Amino acid sequence: MNEEIRAAVDARLTEKHMSRADLARAVGKTPQAITRALNGGKDGGGQVPGIWAAILEALDLRLTVGAGQGQTGEGRGRQT
């Protein structure tokens with residue numbers, strides 16, 4: 001993922017008062033996997049899969065992220 005998407009994810013975590021560990025629990029991953037993905041780790045954890053990167057590049061498209069509609073609370077399934 002690019003820096004814009006990583007920044008949007010970090011901003012959304014802040015808005016939802018969630019930590020990266022909270023996000024890891026919400027998606028069933030380890031906190032280390034989330035950190036690697038959001039930091040663009042050397043193992044490519046945060047990159048778009050090769051075929052999608054090629055498709056997007058060939059079509060001159062860019063992957064972006066935006067807030068969903070109607071999602072409130074701190075995370076999926078969590079109420080405050």
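The legends below describe close-up views of a predicted model. Residues are numbered from 1 along each chain as its sequence is written. Local features need pLDDT of at least 70, side-chain atom pairs count only at pLDDT 80 or more, and totals for chains, interfaces and linings use all residues, while side-chain values use heavy atoms, without hydrogens and water.

**View A. The largest nonpolar core has six residues.** They are Leu13, Met18, Leu23, Ala24, Ile34 and Leu38. Helix H2 (20–27) and helix H3 (31–39) each supply at least two residues of this core. A nonpolar core is a set of buried Ala, Val, Leu, Ile, Met, Phe, Trp, Tyr and Cys residues joined through side-chain atoms within 4.5 Å. Buried means under 20% relative accessible area, exposed over 50%, and partly exposed in between (1.4 Å probe, protein chains only). Helices are DSSP runs of H or I with at least four residues, numbered from the N terminus.

**View B. Helix H2 contains the buried residues Asp22, Leu23 and Ala24.** Helix H1 (3–15) and H3 are among the elements that cover the buried residues of H2. At the start of H2, a side-chain oxygen of serine 19 lies within 3.3 Å of the backbone nitrogen of alanine 21. Glycine 28, with a positive phi near 70°, follows H2.

**View C. Alanine 37 is located in helix H3.** Alanine 37 counts as partly exposed because its relative accessibility is 21%. The C-alpha atoms of alanine 37 and arginine 6 are 8.5 Å apart, although the two residues are 31 residues apart in sequence.

**View D. Leucine 61 lies in the segment after helix H4 (50–58).** With a relative accessible area of 42%, leucine 61 is partly exposed.

Definitions and conventions: Contact = heavy atoms within 4.5 Å. Polar contact = N/O pair within 3.5 Å; in protein donor to acceptor, adjacent residues only side chain to side chain.
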